[in-house]
Amino acid sequence: MLAAKDVVSDLKQIANSRKAIDLQRFFKTGPGDYAEGDIFLGIVVPQTRVIAKKYQDLSVPEINRLTESIYHEVRFCGLLILVAQFEKAKTRAAQKRLFDFYIQQLKAGYINNWDLIDVTAVRMGRYLLDEKSYLTTLRRLAKSKNLWERRISIVFTFAFQRIGELDPTLEIADLLLDDDHDLIHKAVGWALREVGKKDGPMLRNYLSVNVAQMPRTTLRYAIEKFSASERKKWLNA
């Protein structure tokens, strides 16, 4: 029977202490940083994906053991397994059970870095496509005091972008424009840039209304695909 301890064992076998030091620095785990105290094994994403695929039929209680681990890559692996099961779920009830578990882990503080969110929320956000109250969920997350809940609110909207619905991204961006955290500035700018790829006039109209209050990081990310001359125009607006 597949067990979380086997996943952890496989991950520890490929751990790299030198890489762990680099990752802990890159993901800001020092005192006062946004991921203070997080512990890395030193495993890169492709390696983690291979192990997650091997254990994709792990039970939810065993996934829970992974997502509550002190090790970043173990939590990441657990989330990858969860996402794989969500995408294979054949019923709405099964999807709901996995989505609710995902949100539970978020609120418990185990989905607590931008990579854990960005890789998984784009795919888990598909659950909201058939929810009548999806905006209520997104707004509640966007207004949270928790950094990671706010970030996930905008990343969830990528699921809507994939089916051509761009308004949810703009609505959540509105709620986050005054956020004071750089990780939110970047996420909102990234989401707006993707809107622009699908509908340039929509992005330009949004910028014309909001450029004065938009953080510079958000603006730079949003206009990244514009020509050099147009980027200069918006930066000088």
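A salt bridge is a side-chain nitrogen of Lys or Arg within 4 Å of a carboxyl oxygen of Asp or Glu. By that rule, a search of the whole structure, a predicted model, turns up 19 salt bridges. The views below show some of them, along with other features.

**View 1. The protein chain is divided into two parts, domain 1 and domain 2.** Domain 1 covers residues 1-90. Domain 2 covers residues 128-236. Their C-alpha centres lie 28 Å apart.

**View 2. Helix α2 spans residues 17-26, and N16 makes a contact at its start.** A side-chain oxygen of N16 reaches to within 3.0 Å of the backbone nitrogen of R18. Now look just past the helix. There, K28 takes a positive phi of about 55°.

**View 3. R123 and E87 join in a salt bridge.** The N to O distance is 2.9 Å. R123 belongs to helix α7 (residues 114-124), while E87 belongs to helix α5 (residues 72-88), so the pair ties together parts that are 36 residues apart in sequence. R123 is partly exposed, at 22% relative accessible area. E87 is also partly exposed, at 34%.

**View 4. R151 pairs with D118 in a salt bridge.** Their closest N and O atoms are 2.6 Å apart. This pair links distant parts of the chain. R151 sits in helix α9 (residues 147-156) and D118 in helix α7, 33 residues apart. Are the two partners buried or exposed? Buried means under 20% relative accessible area. R151 has 5% relative accessibility, so R151 counts as buried. D118 has 15%, so D118 counts as buried too.

**View 5. A salt bridge connects the side chains of R204 and E230.** Here the N to O distance is 2.7 Å. Again, distant parts of the chain are linked. R204 lies in helix α13 (residues 200-210), and E230 lies in helix α15 (residues 228-235). R204 is partly exposed, with a relative accessible area of 31%. E230, in contrast, is buried, with a value of 17%.

**View 6. R193, E194, K197 and E224 form one salt-bridge network.** What joins these residues into one network? The answer is salt bridges that share partners.

Conventions
Residues numbered from 1 in each chain as written. Predicted model: local features only at pLDDT ≥ 70, side-chain atom pairs only at ≥ 80, totals over all residues. Heavy atoms only, no water. Domains from an automatic or database assignment. Polar contact = N/O pair within 3.5 Å; in protein donor to acceptor, adjacent residues only side chain to side chain. Helix = DSSP H or I, 4+ residues; strand = E, 2+ residues; numbered from the N terminus. Buried < 20%, exposed > 50% of the residue type's maximum accessible area, 1.4 Å probe, protein only.
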